[in-house]
Amino acid sequence: MDGIIDFFDLNLFKAVLRMATPLVFAAMGGLLSERSGIMNIALEGLMLSGAFAAVVGTYYLHNPWWGLLVALIVGGLTALIHAFWSIGLRSDQIVTGTAINLLAAGTTVFLIQRIWAQSGRTPTVQKLPDVAAQVNVLVPIAFLCVPIVYFFLKSSKLGLRVMACGEHPQAAESVGINVSLLRYGMVMMSGVFAAAAGAFLTIGSLGLFTRDMTAGRGFIALAAVIFGNWMPFGTLAACILFAGAQAFQIQAQTKGIGISADLLLALPYVLTIIAIAGVVRGSRAPAGLGQHPTPN
Amino acid sequence: MVVLTRGRVGRRVAWIVTEQVEVPQPQMAVEMLGIVKRFPGVVANAGVDLSVERGEIHALLGENGAGKSTLMNILMGLIHPDHGKILVHGRDVRFHSPRDAVDAGLGMVHQHFMLIPRFSVTENIILGSEGPGAFIDRQAAEERVAQTAAEYGLVVDPRARVEDLPVGIQQRVEILRVLYQDSNILILDEPTALLTPQEVEDLYRVLNALRDAGRTVIFITHKLREVAAISDRVTVIRRGMTVGTRVTADTTAAELAELMVGRGVSLRVDRTRAHPGEVALQAFDLTMKGRGGVNALDGLSLSVRKGEIVGIAGVEGNGQTELVETLAGLHIPESGTILLGEMDITRDDPVERRRKGLSYIPEDRHHRGLVLPFSLTENMLLGNSEIPPFGDGRRIDYAKTEEITRELMERFDVRAPGPETSAGALSGGNQQKLIIARELFREPAVLLAVQPTRGLDVGAIEFVHSRIVAERDKGRGVLLLSFDLDETLDLSDRILVIYHGKIVGEFSGERVDRAELGLLMGGRVPHGDRVGITT
């Protein structure tokens, strides 16, 4: 009995918060993009570019807050590429998103080599401050984003219009809403949010960037959006569930509960697959996801 | 107004001052002059003129593809014209987006409603005109919607989700939205297409009330009956050009039909009385689950005799599509039996059913009827490739197939360069003739005809109708499903009314009480136990 109480300690709780933070940021970004009708599987790449830009910004500007700002800008601009391809040129949004992911993976490794002549990892830079032991300042900010996104969608004029673009772009256009402009805005916001997620991984916890360090979190965030039925608080719950699985796995390894480490490592990913395949049947995507308004 | 004229006063010529009452110039709400719009490969509008007076209901009449919708999309700023001039209340306007059109006082009720199913009535109505500020005052908006609704007698719950509302009410929401935006010119694009006759009557009442309140209504339709029922004036367009404007009271249906089609057309289908023989097709107690767990077919039974045309009437979405697809073998019903003559075909696949004498003209010739990139010969093989003379199950006899195709093209007047032409290159009418040729070639016992004239021009419609009647006269049973109620009434010897996956009433084709039919289609029982229910 003691063992179980010992297992679920404060460290585990903090670990859940830490694991959930990047997922929550990225998922809120993905949610905004998808609610406006643009599929965004580029979250992974956007997150990676944000993580890297945060290190570069902090390295040159000697201040992690400036580093965060650089990350948000780079994330927004990288998302602008996705927006231009998928909205401006109407290319396939899955292909475009994949291209962004590959681009981010390649470019970050290349730039590490160019800037520091190192392969695969950057030097350590200064981190953003903690607000409590092992709780970075970005953690409460991430959780604060959820009610803000909720309130934005539910009560603001812009939020209603964004959801209209996602549900029925032709209808939105027929009442004079500039569908493309709103979608550009939301895709760029998704880049900003994903970059915050990435920045948390570098200047919010590890202090440096290593290649492919996002390790599929962008995709897990996207799964959380689907699992959460494209609703902010539902998505938050899904993020906490996935983060819980990750934290459990780490805790289980440190405490040694006698389950194979490989199996434990797979747990969050397995959970994602189960969530997407099984539970998601009841959830309902924005009806106009991936659709364009009138073809002229 | 004071006018000076030179005239004779007594013996002197002098200037005479007269007080003249200003002759009120007919106030034009909308004038569209010489509108031209080309799309790649098509000229949708080739010089259309339209003048709509303030405070009238003006019908815009034309066949499918005549250019009505393009014209209205231009007026609403959704499409930009290549040439032409638009005046709204006498002012020259150039709309860059629908927003500009809305600001100029125009509002459109679209054929396919531009409503967001997941949004509430209020959210749909205020979208795009939410009022000042960054945030929405939902309560105030709901009150304003309710107030506007009450003003025009358009009862609707402002908090209801649109997807939960019947089609007639959804249309009401669209009209309400236009009124909420304070538009004084309403455009309705084929507004009766999805409505029951009662809902159409309600719509007419609303439109008359709006006209009496001084608003202008443009009513797009291809149905002559509606022009006569609702409009003050009518403009007819044909092949993207205005062919005339008439005062409705001073014209006749025949004149309008001729303007619309370009030649004299017989408005009624010529046919003699049916002589039904023995039962050709029977369905007992068919049940099938639809989407969302509700029964799409709920214990449906019907029968079709040899030598009669049985029409299915109903509002879209009451199980019609599931019924014909089940009969055609595309779905296996959960329970029930289907008999073709004496044979039980309930579990047969579509090919087996064809072999036994069932033919099927599907609803959508592009998705189900034809493979557009295939040649006419290859299309002739669809569903036939395993049945002699086309093939024997192992090999296909292409030479024979091509010979048959050539012969059928002749017999069914399919106009194409040759059997090697791809089906996609044919006009809609010729594509439909090709399908009909394929389906009738085998001299089936029963023909399922679903929307057989959808999107065809009047000439092709006449051909298809006379062909269907001819097949009946040869002793085949025909089951007709059309969402055009007029077509169903014109062609059918017997009409079955479908509602919520059941047959709820039956009419003989000669005496149909439209009001009663409408009530049944809407799920209401008109006069207690007087309704004959088929078994």
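Predicted model: local features only at pLDDT ≥ 70, side-chain atom pairs only at ≥ 80, totals over all residues.
Residues are numbered from 1 along each chain as its sequence is written, while chains are lettered from A and ligands numbered from 1 in the order in which they are written.

User: How many residues does the contact take from chain B?
Analyst: Two residues are in contact if their C-beta atoms, placed from the backbone, lie within 7 Å. Chain A supplies 16 residues, and chain B supplies 18 residues.

User: Which helix of chain B gives the most to the side that touches chain A?
Analyst: Helices (H or I, at least four residues) and strands (E, at least two) are DSSP runs, numbered from the N terminus. With three residues on that side, the helix that gives the most spans residues 98-103 of chain B and is helix H2.

User: Which are the edge strands of the six-stranded open sheet in chain B?
Analyst: Two strands pair if DSSP finds at least two bridges between them. The pairing in this sheet is mixed, and its order is E18-E19-E20-E15-E21-E22. Pairing on one side only marks the edge strands of chain B, E18 (358-361) and E22 (502-508).

User: Which residue of E20(B) stands opposite Ala449(B)?
Analyst: Strands E19 (residues 446-450) and E20 (residues 477-481) of chain B run parallel and are joined by five bridges. Opposite Ala449(B) stands Leu480(B).
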